[in-house]
Amino acid sequence: MNTDSANSGGRRTVAWQAVQDHVARVSATPIRRWFELEPRRFEAMSLEAAGLFVDFSKNRIDAPTLQKLIDLARASDVENRRDAMFVGERINITENRSVLHTALRNLTQPELIVGGVNVLADIRQVRQQMFAFAERVRSGDWLGHSGKPVTDVVNIGIGGSDLGPRMVCEALKSFAHPRLRMHFVANIDGDALADVLKSVDPERTLFIVASKTFTTIETLTNAHSARRWFLDKGGSEKDIARHFVAVSTNRDAVAGFGIDPANMFPFWDWVGGRYSLWSSIGLSIVLCIGPAQFEELLRGAEAMDKHFRSAPLEANMPVIMAMIGVWYRNFLDASSIAVLPYAEHLHRLPAYLQQLDMESNGKSVTRDGARVNHSTGPIVWGEPGTNGQHAFFQLLHQGSELVPIDFILPVEPTHGLSAHHQLLVANCLAQGSALMNGKSLDEVRAELVAKGVANTEIDRLALHRSFEGNRPSNTLLLNRLDAASLGALIALYEHKVFVQGVIWNVNSFDQWGVELGKVVATDIGDILAGRSAATNLDPSTQGLVARILAKGK
């Protein structure tokens with residue numbers, strides 16, 4: 001068990017130690033026993049906000065545990081740090097930037113002045129540019145160079161310029177435009193682009209190149225290859241402007257590519273990539289579901305923002321989920337969390353949350369520039385139910401690892417197959433119940449006796465077929481998987497990650513580990529292309545480069 005406090009000195013250390021002192025007593029009591037001791041536990045440990053309902057009663061906590069965790073959040077200055085983010089203070093301290101993804105979905109406030117600029121006015125202007133362009137494409141008024149309307153949209157980006165838009169378009173495909181097919185290319189592996197290009201008509205395809213600086217190597221490599229393909233298929237240089245648009249701030253580079261700067265959709269340095277789907281990075285989302293549904297997405301997120309900003313910590317959904325996560329990560333040594341959406345259209349949500357959480361809080365240096373002496377961000381993973389039940393649920397039920405789980409379940413389907421949805425709901429609820437309750441040896445033995453199994457066989461099988469239970473989970477209910485509920489869900493996880501970053505005292509808004517890999521890749525790329533010698537590589541990498549170069553001859 002990790003017994004180090006997350007922060008040194010003051011109220012925070014006292015609050016951390018109070019939680020630590022509480023661990024042994026709570027850990028000795030199985031979750032199902034707490035339901036016997038607390039008859040109204042479900043009502044006390046569930047919460048509704050912004051159209052979402054969360055049941056957190058199936059956790060290894062009691063009411064005093066939760067209060068001590070809330071005390072830790074308060075002692076860690078979560079409220080003031082939250083307020084500083086919303087008003088645009090430069091809380092991204094390593095890049096000296098504000099963090100204003102919440103402003104992108106602020107639909108009700110008239111102004112937000114940051115650095116002497118009303119950022120909400122700028123946001124509205126770009127949003128209207130996006131909406132006007134999307135309406136031309138969706139209506140069929142925007143024509144390709146041969147006079148045909150667009151049928152395929154290819155978003156070329158990577159990281160936040162891909163994961164967010166891809167996830168949302170998949171999640172809301174029930175609301176997608178009937179003519180437009182959405183494609184996403186992120187991986188620099190040529191198969192990713194080649195597979196898409198095989199399936200689209202160059203005369204009817206619109207490419208969105210999403211790169212803030214218009215220098216991201218993966219994105220620009222894919223974009224230039226798509227450009228060459230377009231020209232090889234009969235398009236001309238002047239036709240590029242009818243088939244390529246950009247989400248960027250580099251006007252000169254965009255124009256040099258052949259894109260009309262009028263079809264460049266800007267965003268700002270206070271929009272982090274993993275928080276950017278609400279900005280012009282969401283152009284593909286607007287094309288897919290339309291301006292009205294995109295505003296519903298924003299509205300759902302704004303509702304969660306208002307809840308996070310105004311609700312007391314004791315009844316604050318992001319704060320409670322964050323602190324339960326801190327409980328498992330720092331006090332019960334859980335190294336991962338499984339996100340299990342029981343909704344096929346949310347199949348990209350775990351990957352999206354991997355970036356959101358692991359890129360934000362996968363840090364080992366505090367905001368003060370010291371090495372951390374505590375665990376920080378967990379490993380985030382998952383797949384949709386019920387597929388996962390036939391893959392990794394064995395480990396969740398009987399493995400040696402403690403894996404807290406978030407089940408996510410829409411109550412109403414977006415399809416007409418009601419019997420399917422009933423089975424889906426039953427499976428989701430059953431898994432949460434089974435993981436918590438388990439099955440004792442006595443219960444297994446009684447089952448086998450009832451089936452007439454011999455005593456010697458019962459002795460051999462009983463332990464294999466028993467389940468210790470006490471496996472924790474949250475269950476998040478959406479009324480329906482629509483734009484507003486999805487917006488609220490994404491914002492919930494954004495704020496959960498933010499709160500945990502405050503508790504761990506790390507900067508959740510930079511990603512220097514990503515940058516290092518880019519630099520090294522550029523150096524190795526120069527070596528592979530013969531532009532430099534392999535003089536600065538470690539022996540292992542130098543050996544691999546030599547072998548690859550030899551195989552290529």
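Since the model is predicted, local features need pLDDT of at least 70 and side-chain atom pairs count only at pLDDT 80 or more, while totals for chains, interfaces and linings use all residues. Residues are numbered from 1 along each chain as its sequence is written, and side-chain values use heavy atoms, with hydrogens and water left out.

The structure turns out to hold 4 cavities of 30 Å³ or more (a cavity being a set of points, on a 1 Å grid over the protein atoms alone, where a 1.4 Å probe fits but cannot get out; points are joined across faces, edges and corners, and the volume is the space filled by probe spheres set on them).

The largest cavity comes in at about 160 Å³. Its lining (residues with an atom within 4 Å of a point) runs to 18 residues, with Gly325, Tyr328, Ile337, Pro404 and Lys496 nearest the centre. At least two lining residues each come from helix 15 (317-331), strand 10 (336-341), strand 12 (405-412), strand 13 (473-480) and helix 21 (483-504); helices (H or I, at least four residues) and strands (E, at least two) are DSSP runs numbered from the N terminus. By class, the lining has 8 nonpolar, 6 polar and 4 charged residues (Ala, Val, Leu, Ile, Met, Phe, Trp, Tyr, Cys and Pro are nonpolar, Asp, Glu, Lys and Arg charged, and the others, Gly among them, polar).

The second largest cavity has a volume of about 60 Å³. Around it sit Arg81, Ile91, Arg367, Phe498, Gly501, Val502, Val506, Asn507, Ser508 and Phe509 as lining residues. Here helix 21 gives the largest share, 3 residues, and the lining splits into 5 nonpolar, 3 polar and 2 charged.

Technical notes:
On a 1 Å grid over the protein atoms alone, a cavity is a set of points where a 1.4 Å probe fits but cannot get out, and a pocket is an open set with protein on both sides within 12 Å along at least five of seven lines; lining residues have an atom within 4 Å of a point.
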